[in-house]
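Please examine the sequence and the three-dimensional structure shown here before reading the notes that follow.

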Amino acid sequence: MNPLPNAFSLYDFLGYLIPGGIFLVGFHLIPLPCFYEMHYFQAFSCLCSAQWTESLSSIAVFLTFGYMTGHALSYVSSMTVEKYSVWTIGYPSKYLLEENIRPSWKAGTKLYFADYFFPSFVKFQSGLNIQRWQIFVQRLIVFLIMIPYVFPILVLVFLIGLNESIRKVLPYDFAILIQSRTQLFIRQQKKYGETYDLTSGESFRFLYHYTLERFNVHVVKMQNYVALYGFCRTISLINVLFFWWFSYTQRSCIWSLKYFLALVILSGLSSLFYLAFNKFFRKFSLECYMAIVTNLEY
């Protein structure tokens, strides 16, 4: 009999507990005047003296609220940060196998504006009829809320031409190999038609669960990637929230250089962790493909 799995996984710490704790601490630090003056040690000392003791009860309460807050933040980040990524560059399981045939700025215009605000198709679920104007409003709201990292990403795409680095694809021969092996895998399962696309969107979960059940040697690495992309996704959202929270609490100093510098730092951190989220999301998808290609008997 296999031993019972641990009650807590790496994702519980990286995806929930640590981001929740960071948010609770930062939520109290940012409004402090000494934080605006960039006396970070003094700001942290003020927080500790006012809100923290070394008693076990206070530590337990902080950890509990941090874990609960982390769950809420993780869900919100999946509905904002991850949705924005999928709505622009698509699922990594899909774009890894595609080819960039446009220059960076042309591809950026299509991905970040045309396809984002006016998608060519909408997948209807449960018979729910979603109008195009509703899709436009939903995506516009996400776009405006996520401006702290959306703007730097657009600068990287249009001015520096880094779309190929953000939406990184596999070499052509490698992509063809994965596609052929994936289709062969589908035929072996005898459940789907030969042309069924398991690389598209949520359908990729079938491959993921298959690798979890059959190829244990890849499981640890995939779970690490899942924990890391969940951590980066949530931290990106936290920096976005800190950006708006700092803008509101320190609005009296709007013309100060320190105010502008703090906003630039928070915006840069949010975009940096957004890029890291996409990196680990991509590595997770590639590891799942590698498990199918290298372990499946043909």
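This is a predicted model: local features need pLDDT of at least 70, side-chain atom pairs count only at pLDDT 80 or more; totals for chains, interfaces and linings use all residues.

Residues are numbered from 1 along each chain as its sequence is written, and side-chain values use heavy atoms, with hydrogens and water left out.

**Overall make-up**

- The protein contains 13 helices and 0 strands; helices (H or I, at least four residues) and strands (E, at least two) are DSSP runs, numbered from the N terminus.
- Along the sequence, the pattern reads α-α-α-α-α-α-α-α-α-α-α-α-α.
- The protein has 298 residues, of which 42% count as buried; buried means under 20% relative accessible area, exposed over 50%, and partly exposed in between, with a 1.4 Å probe and protein chains only.
- Among contacts with a separation of 6 or more, 78% are between residues 24 or more positions apart; a contact means heavy atoms within 4.5 Å.

**Helix packing around H13**

- Helix H11 (residues 204-214) packs with H13 at an angle of about 60 degrees, and their axes are 10 Å apart. Axes are lines fitted to C-alpha atoms, for helices over the stretch in contact, and angles run from 0 to 180 degrees between N-to-C directions.
- This angle makes H11 oblique to H13. Angles under 35 degrees count as roughly parallel, over 145 as roughly antiparallel, 65 to 115 as roughly perpendicular, and the rest as oblique.
- H11 and H13 have a left-handed crossing. A crossing is left-handed if the near helix is turned anticlockwise from the far one by less than a right angle, and right-handed if clockwise.
- On the H11 side, Phe 204, Leu 207, Tyr 208, Tyr 210 and Thr 211 meet residues of H13, namely Phe 284, Ser 285, Cys 288, Tyr 289, Ala 291 and Ile 292.
- Helix H12 (residues 216-249) also packs with H13, at an angle of about 160 degrees and with the axes 8 Å apart. H12 and H13 are therefore roughly antiparallel to each other, and their crossing is left-handed.

**Aromatic rings**

- The structure holds 27 aromatic pairs. Rings of Phe, Tyr and Trp (its six-membered ring) pair if their centres lie within 6.5 Å; planes under 30 degrees apart count as stacked, over 60 as edge-to-face and the rest as tilted.
- One of these is the stacked pair of Tyr 149 and Tyr 274, with 4.6 Å centre to centre and 20 degrees between the planes.
- Tyr 149 belongs to helix H8 (residues 147-158) and Tyr 274 to helix H13 (residues 257-295), so the pair ties together parts that are 125 residues apart in sequence.
- Tyr 149 is buried, at 0% relative accessibility, and Tyr 274 is buried with a relative accessible area of 0%.
- The charged end of Arg 139 sits over the ring of Tyr 116, 5.8 Å from its centre. A charge sits over a ring if NZ of Lys or CZ of Arg is within 6 Å of the ring centre and within 35 degrees of the ring normal.
- The charged end of Arg 251 sits over the ring of Tyr 248, 4.3 Å from its centre.

**Selected buried residues**

- Thr 69 lies in helix H4 (residues 56-88) and counts as buried at 17% relative accessibility. Beyond its neighbours within four places in sequence, Thr 69 is in contact with Gly 20, Phe 23 and Leu 24.
- Thr 80 is found in helix H4 and is buried at 12% relative accessibility. Not counting residues up to four places away in sequence, Thr 80 touches Val 142, Met 146, Tyr 149 and Leu 237.
- Leu 111 is part of helix H6 (residues 104-117) and is buried, with a relative accessible area of 11%. The C-alpha atoms of Leu 111 and Thr 88 are separated by 5.0 Å, although these residues are 23 residues apart along the chain.
- Thr 211 lies in helix H11 and counts as buried at 0% relative accessibility. Leaving out residues up to four places away in sequence, Thr 211 touches Val 219, Met 222, Cys 288, Ala 291 and Ile 292.
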